[in-house]
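Subject: Structure handover

Hello,

Here is the structure I said I would pass on. My notes on it follow below.

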Amino acid sequence: MNNRKAAIAINTALLILVVIWFIPILGLFISSFRPRDYVLTTGWWTAFTKNRIFTLDNYRQVLGGTKYTFVDALGNTVRSSGDNLSQAFINSFTVTIPSVIIPILIAAAAAYGFAWMVFPGRKFFFTSVVALLVVPLQIALIPILRDYQKIGLTGSYLGIWLAHTGFGLPLSIYLLYNYISTIPRSIFESAYLDGARQIVVFARLVLPLSIPAIASLAIFQFLWVWNDLLVALVFLGGTADVAVLTQRLATMIGSRGQDWHLLTAGAFVSMVVPLAVFFSLQRYFVEGLMAGSVKG
Amino acid sequence: MNTKAKTIALSILFPLATLAILATGFVFLRDTKGPQVLTAVIAIIWGVGGAALLFYTVDWLVNRLRPEIARKLQPFVFVGPALLILLWYLVLPTIRSLYLSFFDASSKNFVGLANYVFAFTDGKMLESFRNNLMWIILGTGGSVGFGLLIALLAERSRAESVFKSIIFMPMAISFVGAGIIWRFVYAYKPAGEDQIGVLNALVTFFGGEPQAWFTIAPWNNIFLIIILIWLQSGYAMVIISSALKGVPAEIIEAGRIDGAGELRVIRSIIIPYIYSTLVTVSTTIVIISLKIFDIVFTMTNGNYGTEVIASVQYKQMFRFYHYGRGSAIAIVLVLAVTPVMWYNLRQFAKQEVFK
């Protein structure tokens, strides 16, 4: 087989795979802009041939508050309950931002300690962190929930930030340790000689120098927390005023399982932020993934 | 007042002030019903500022001690907070869950191994073991297989980055979001009506009968596993792709000069070279498959024979409130990951990180 034919074969195979991968997302995206009756009775692939009608109504309804009015195909005005995903959208941000920053700060300090300080138990503690990397968080659900019930943290944002901090720490410490331990000793030495305190060295040298690793980790943790369902279900509870997007979507699947016009719009609302983060910071994300795989 | 008394007073007052600030923030955030956005902003400042303040105060305190003691305590200022949180959130819960697993639903009466007997004999549990095995084998095999295939193909294409971006994109999507995407792909309408799901549209186009895919056991598990493959192949591809770039061109050239065809080069040179990467990627996806919850919870809720370990555990805990069984199943999950944990620790020991 000559090179040109091979290139065509390879690109065709890739194109087929990419189309298969992309079709599910395309179907969701197009359907979310089609009127209810069309979504429910015709395939989304007909939207460009015979049923060329698009609307923003689905988004208005899922984002809107508790009541929503629309005019159906027969001209009747229908009052329906909206899904108030805009509230869940804010909740998701409230849960996610501190759940990303707090563990990274604590992990960075620990990674610096492990990498550049000598203390008894150092190896034992770090080995424990490595062991904890794969412990399923399911193990913590009941005991932590009990603690939370005692101190009144169930259904609170503080509780879920701490939970995400706890569950995110092993990987965060491991990743940041790998990075911080490779910073050349000479960089710290002059600071130590000048009599700088460790905390100053940490804040002025270690944190700024670790920005690339922190960025990868932040994206990783952001996607994990934003997309999480289980931790939110257990520690945040189901009330609508605190529920995050994934919880609201799971509820919508249960209560509106056949309302495809709303489910598609809702799913897209939940995907906008992670997709934006993903495409704008893909390079850091890939670097984080590489560092995160526990290599031999 | 002499200086020593002043020093002691300050050493007590400063930490107390810090604790007061942290406690006030804690109570405020726990009880507040104020505007959401404002609360979030205060929360971020409290969380981040509080952590920083705590570090600073403890460090300040330690540095007021005699130098030789300070030097000994200093490292724990840095690693201490992380170790305490890990202790509270992962280490102690493992022990506490083990303890609870020997007690009944309400954790009052000792029941011996009854919960473990349940975990290994109950019909739903046995079903979930079978299904998790399917998830592990097909989910991991599918993700790593497609990841490898696409990485190999993309490396030989000029449009490598575009192709890879699209395959990688689902990594950013939640399991719940992916659930909705694929429920729509699998959507079912009775025969004779227009199909709105791609799969049934294809089936009817080729003259078949439309199917309610999620109700056909045991194949419905495979339809769920496809979602995982769709999500995770991109991850496998990215890691494998970077390993491929590390295979020395000379070895591949040498193979070709010896007359090896492309497939032979891949099988005998490239695969052995990236073997450890393949193991790493597979391990990661095996663990994801083992803990799989969101997809099953949102798609079928474990009905029609699709139960997995994590979904049974969730039901035992939060629907039947049987903390004993829930804990026992969690312990089973931990036992299932111990081989991987052991492997990681062995690899870690080999690296000789602490020289």
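Chain B of this predicted model has 15 helices and zero strands. Among contacts in the chain between residues at least 6 apart in sequence, 66% join residues at least 24 apart.

On overall dimensions, the radius of gyration of chain B is 28 Å, whereas a compact globule of 355 residues would come out near 20 Å. Along the principal axes, the C-alpha atoms of chain B fill a box of roughly 95 × 60 × 50 Å. Of the 355 residues in chain B, 39% are buried.

The domain assignment divides chain B into domain 1, residues 3-110, and domain 2, residues 117-351. Their C-alpha centres are 39 Å apart. Where the two domains of chain B meet, nine residues of domain 1 are in contact with nine residues of domain 2. The domain 1 side of that contact consists of four nonpolar, four polar and one charged residues.

Next, the contact between the chains. It involves 91 residues of chain B and 93 residues of chain A. On the chain B side, α3(B) supplies the largest share, with 19 residues. Sorted by class, the chain B side has 63 nonpolar, 21 polar and seven charged residues. I have given residue counts here; the size of an interface is often given instead as the accessible area lost when the parts come together.

Two backbone details may be worth a look when you go through the torsions. Most residues other than glycine have a negative phi. Which way does phi go at B:Ser107, which is not a glycine? At B:Ser107 it is positive, at about 65°. B:Ser107 sits in the loop of chain B between α3 (67-100) and α4 (114-121). B:Ser107 has 17 other C-beta atoms within 10 Å and therefore counts as partly exposed, because a buried residue would need 20 or more and an exposed one 12 or fewer.

The second case is B:Tyr304, also not a glycine, with a positive phi of about 55°. B:Tyr304 lies in the loop between α13 (294-299) and α14 (309-318) of chain B. With 16 other C-beta atoms within 10 Å, B:Tyr304 is likewise partly exposed.

To recap the two main points: chain B is made up of 15 helices with zero strands, and 91 of its residues are in contact with chain A.

Regards

Conventions. Residues numbered from 1 in each chain as written. Chains lettered and ligands numbered in written order. Predicted model: local features only at pLDDT ≥ 70, side-chain atom pairs only at ≥ 80, totals over all residues. Domains from an automatic or database assignment. Contact = placed C-beta atoms within 7 Å. Nonpolar A, V, L, I, M, F, W, Y, C, P; charged D, E, K, R; others polar. Helix = DSSP H or I, 4+ residues; strand = E, 2+ residues; numbered from the N terminus. Rg over C-alpha atoms; globule rule 2.2 N^0.38 Å.
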